Amino acid sequence: MFIYTPDSPSEVLLSSRRALFLDRDGVINRDTDYLHKIEHFAFVDGIFDLCRAAAGLDYRIIVVTNQSGIGRGYYTEADFLKVTEWMMREFAEHEIEISGVYACPHLIDAVLERYRRDCPARKPNPGMLLRARDDFQLDLSECIFIGDQSRDMEAGRRAGIGTLVRLNAANSMPAENSDPAITVVADLYEAREKLFPDAGRH
Ligand SMILES: [Mg+2]
Ligand SMILES: [Zn+2]
């Protein structure tokens, strides 16, 4: 697992025990399959608004992302780091601090041998969420996880995340509407309305 944190994290959130976890592809950026170039990175509508509302309620923002494209040899760790640093700067320009980006490059049948493993961090396994819990002393029952795939929801469920939100992105499989533990939203504006109805508008 790779973990990226800001060079100079603010101390405002030092005592906060809750976080808004975000999957990356399909939630932060439009999912274009193994995205690894800044010029292909398009933010999903409403992401900054959502994150500001969460931050205003003392939620840390933490990204948890499977990046098997590294293990598959489609792009390198350096490529991923470059996109990640750029993404964190973009959030910073919108006055949003990302407390951490957790990424798993592994795959059980990865083409590159050094990434070939059944990794406990790769979603639907909960490893990245549990590591973030330990790093920031989070109470996961007070945390929120927004993802666009069933493996995100599965990872969240196994970690004991209190609020699971499935974003019904256009290119993802239809959500499990029947599962009452999962809140299904059509877009991030709806997520903001449902999760943070009292947050001030920006
Ligand atoms: Mg996704
Ligand atoms: Zn891993």
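Donors here are N, O and S atoms within 2.8 Å of the metal, or 3.2 Å for Na, K and Ca; water is not among the atoms, so sites may look incomplete. What is the spacing of the donor residues of the zinc ion (ligand 2) in sequence? The pattern is C-x1-H-x12-C. The residues are C104 through SG, H106 through ND1 and C119 through SG, at 2.1 to 2.3 Å.

Some housekeeping. This is a predicted model: local features need pLDDT of at least 70, side-chain atom pairs count only at pLDDT 80 or more, and totals for chains, interfaces and linings use all residues. Residues are numbered from 1 along each chain as its sequence is written, chains are lettered from A and ligands numbered from 1 in the order written, and side-chain values use heavy atoms, with hydrogens and water left out.

Back to the site. Buried means under 20% relative accessible area, with a 1.4 Å probe and protein chains only. C104 is buried because its relative accessibility is 0%, and H106, at 8%, is buried too. Across the chain, buried residues make up 50% of the 202.

Now the fold. Helices (H or I, at least four residues) and strands (E, at least two) are DSSP runs, numbered from the N terminus. The chain has six helices and seven strands, in the order β-β-α-β-α-α-β-α-β-α-β-β-α. The C-alpha trace spans about 50 × 40 × 35 Å along its principal axes.

Last, contacts, meaning heavy atoms within 4.5 Å. Of those with a separation of 6 or more, 66% join residues 24 or more positions apart.
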